[in-house]
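Please open the model in your viewer and keep the selection tool at hand. The stops below follow one another, and each names what to pick and what is there.

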Amino acid sequence: MVYLNNTTTIRIELEELIAREGINCSQLGRKAGLNAGTVSSILKGNRVMAVDQLDRMTAVLCLPKGHFYEQYIQECMVEAVPNWRRIRPLLYRCVELDKLDCIRQIVNLLMDNLTYSPLLFEAAEFFFKEGKRKAAALLYESVAASERRQYSERLAFCQYRLFTLKLGDDQELNYQAALQFEPFVERLDEIDQLDALRDLANIYRSLRRWDKVNLVAIELGHKAGIQLRLRQQTEVKSQDQKQPSRPLFVYLAFSNLLRGAVCDARGEHEQAIQYNNAYSDLSWVKETDADTQHWIKLYKEWAQANICVSSLMSGNESVLSDYVTYIERNKDELLTGLLNIIKAANCYDFDVDEIIIHFKMEIISYIQEQQQAVGVYTQQTISEQLTRFLYEIAHYYLRRGGYTSGFKYLLDGMKKSSIVNNETFMLKCVRLLERYRDFASNETQEEYQIILKEG
């Protein structure tokens, strides 16, 4: 709060307004929507000015919202122990106005005192849920810094939130964020660990770090199994028990799904089918609520589809028709399905021209539109799958002599690889283009050089 002394800019500007307009305290009060006595006390420096009152006065002065906040923060927080009830409205107002510098200023003045750590954490959680990502990140970083020697659960949870907030298109930055967060997983609440491991696995999967995916999947399965046994022993859910974001069996099933994906990536398709079968049969799940039935249905469908994929990747072309039917009915699986089909076609020389033509408009849409999370697939996973798909379909056309389409998809793949900072696939695209360079038009080669320079 601000006591307006003789040198306060706000007071001086208010006095100048009164003189310029030829108005009194009552008239100024009416303009600001304040009591005349309140205005008089503020001008005399005898009354604490609240944030709302400061905003009203700022509006009367025809100045931008938050114009005086930097000065206000310094005067508001001169007390040895600043009053949170006074600070909180100012902090929330700064977030509304996206005044990140002011938020930093507030936090820097508070964080020497651990008393404010839980209060700032609570505020960060509110902003996170409201979608105020930058403000939330600032508060989480401050709380984490203040508690770095406390080894607290709150420190670990701040690191979890920061991990999710850092994720974006740049795959190298995503990898660094995952590595920085991973050591904090064990400090989280046992239930929060399940979601954290799931999120880590999704990032490592999008990066094709299969060794990491496998380790995280094993840990996820172990921890989910423990929680399932504990819940079964108590039989009835306690209202006081923290609940995961999804039914517990989903995490165990996801662990098996991930391990199946690892096996497929390693070419161990028979082993992959065993893991897929493990989450296909969920008859042991006792719950019958709608959410449970929804997930059971999803995992049964995914298992059937992934068993088809494992067979397809083993060279079994007979499953292709069933798999196409599946992805046509399940649009969330379309990009994943097309990637698997084209990859198998390249491995075993399948002719999938008709399938590509059938899904031509969907393919164009994937290339032209910004990637978003789809169903259970994160934005990062979708971006990675699209990059690989463009490489595989380019390879498919080039080896079959379809140079116009092949080079077009390959250049698109290079552009996407550059956007997400995927150097591995950029190099694969470069090697593929160089292999077929003699068949590239001058226009293609010019665009190729431009992409290399910009990348």
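A crossing of two helices is called left-handed if the near helix is turned anticlockwise from the far one by less than a right angle, and right-handed if clockwise. Helices (H or I, at least four residues) and strands (E, at least two) are DSSP runs, numbered from the N terminus. This is a predicted model, in which local features need pLDDT of at least 70 and side-chain atom pairs count only at pLDDT 80 or more, while totals for chains, interfaces and linings use all residues. Residues are numbered from 1 along each chain as its sequence is written, and side-chain values use heavy atoms, with hydrogens and water left out.

Begin by colouring the chain by pLDDT, the predictor's confidence in each residue, from 0 to 100. The protein chain averages 90, and 95% of the residues score at least 70. Confidence is lowest in strand S1 (residues 2–3), with a mean of 46, and highest in helix H14 (residues 248–265), at 97. Over residues 1–7 the pLDDT stays under 50, and for this stretch the model has 28 contacts beyond four places in sequence, a contact being heavy atoms within 4.5 Å.

Next, select helix H12 (residues 190–206) together with helix H21 (residues 379–399), which pack at an angle of about 15° with their axes 8 Å apart. Axes are lines fitted to C-alpha atoms, for helices over the stretch in contact, and angles run from 0 to 180 degrees between N-to-C directions. H12 is therefore roughly parallel to H21; angles under 35 degrees count as roughly parallel, over 145 as roughly antiparallel, 65 to 115 as roughly perpendicular and the rest as oblique. The crossing of H12 past H21 is left-handed. Show the side chains of Asn202, Ile203 and Ser206 in H12, which meet Gln380, Thr381 and Glu384 in H21. By class, this contact of H12 with H21 has 1 nonpolar, 4 polar and 1 charged residues, where Ala, Val, Leu, Ile, Met, Phe, Trp, Tyr, Cys and Pro count as nonpolar, Asp, Glu, Lys and Arg as charged, and the others, Gly among them, as polar.

Now move to H14 and helix H16 (residues 290–313), whose axes are 11 Å apart at an angle of about 10°. That makes H14 roughly parallel to H16. Among the residues making the contact are Phe249, Phe254 and Asp264 of H14 and Trp295, Tyr299 and Trp302 of H16. The contact of H14 with H16 has 9 nonpolar, 3 polar and 1 charged residues.

Finally, select helix H22 (residues 403–419) and helix H23 (residues 423–435), which pack at about 155° with axes 9 Å apart. H22 and H23 are therefore roughly antiparallel to each other. In their contact, 10 residues are nonpolar, 3 are polar and none is charged.
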